[in-house]
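My entries follow the structure shown here.

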Amino acid sequence: MITVITILGGSSLLVFIIWSWERFRYDYRRMIRDSKHPEPEGTGLLLPEWAQHHDWLRIHNTYYRSLNLHNQARFLRRVMDFMRYKEFKYVDLDPDPFIPLLISSAAIQLTFGLNDFRLDFFDKIYVSGSAYQVHWHKQAFQGHVSLQGIYLSWEHFYHGYRHYDDAHNLGLHEMAHALTYGALMGKASMDKTFRSRFREYYKVASPVYKRMRAGGDSVLDRYAATSFHEFWAVSVETFFEKPILLKTAEPELYRTLCDLLNQDPVEIMTIKPV
Ligand SMILES: [Zn+2]
């Protein structure tokens with residue numbers, strides 16, 4: 001045991017203990033649960049990579065670093081579950097286990113307050129080395145979502161997490177598109193209440209969107225005025241990367257995002273990093 005403690009180190013050992021305990025509780029609950037009610041937390045096994053993944057996320061994902069140990073364990077379990085359910089395809093980019101981990105962490109960050117966290121509508125995530133061409137479009141894409149999957153430029157995705165304070169985060173932006181794409185296109189397994197909460201979000205967000213369309217100022221990037229879909233994705237980026245600014249400048253919009261996503265980044269960010 002002493003050897004194990006030495007190898008794992010302080011915080012990693014605590015995550016291991018909490019995760020193992022959660023795993024045990026989950027297995028027990030699953031054993032006694034009616035099989036008609038699937039477990040929302042997934043069936044992730046304790047894989048040997050968990051310690052490496054924990055370290056990578058602590059270094060590269062500010063949100064993960066800000067969580068307490070209990071939530072880090074929950075986050076990591078969801079990430080590993082998410083990765084198992086997705087097929088990552090690489091274009092002009094060498095596969096690296098770090099890439100699906102960080103991309104999955106963007107999805108889990110967005111859906112951390114929701115029961116449905118797998119973005120089930122999509123099986124495939126395409127990752128290109130940099131910006132890419134799509135059909136007839138003249139301008140290169142950094143990311144987009146279509147029926148075929150979620151598409152990301154790794155260069156721009158990584159930049160978003162390297163500079164986690166400018167309200168520009170490609171991963172959160174595209175995952176926000178993917179979340180509503182799946183939820184609003186009628187995926188039966190999606191959290192039923194998400195749609196009604198999104199209608200509430202729409203009611204509150206519409207006046208801000210219309211104000212921006214009319215040329216008015218906002219703390220949101222001007223790109224939000226492109227369409228309401230883009231407004232939604234940009235508001236998510238600002239919600240996570242500049243939560244205090246958004247809460248101060250647009251308190252109603254901030255509150256409805258907290259309700260919709262069932263989490264409050266201002267509260268999370270006040271937790272001391274481990
Ligand atoms: Zn967009």
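**The sheet**

I looked up the strand order and found an open sheet of four strands, E1-E2-E4-E3, with mixed pairing. Strands E1 (87-91) and E3 are at the edges with a single partner strand each, so one side of each has no neighbour in the sheet. On average, neighbouring strands of this sheet are turned by 15° against each other, direction ignored.

I noted the terms. Strands (E, at least two residues) and helices (H or I, at least four) are DSSP runs, numbered from the N terminus. Two strands count as paired if DSSP finds at least two bridges between them. Axes are lines fitted to C-alpha atoms, for helices over the stretch in contact, and angles run from 0 to 180 degrees between N-to-C directions.

The model is predicted: local features need pLDDT of at least 70, side-chain atom pairs count only at pLDDT 80 or more, and totals for chains, interfaces and linings use all residues. Residues are numbered from 1 along each chain as its sequence is written, and side-chain values use heavy atoms, leaving out hydrogens and water.

**Strand E4**

Is E4 (residues 149-153) buried or exposed? Five of its five residues are buried (under 20% relative accessible area; 1.4 Å probe, protein chains only).

I checked its partners. E2 (residues 124-128) pairs with E4 in the parallel sense over four bridges. There, Val 127 stands opposite Leu 152. E3 (residues 143-146) pairs with E4 in the antiparallel sense, over four bridges. Leu 152 is also the bridge partner of Gly 143. Gly 149 is the bridge partner of Ser 146. A hairpin of two residues joins E3 to E4.

Notes
Buried means under 20% relative accessible area, exposed over 50%, partly exposed in between (1.4 Å probe, protein chains only).
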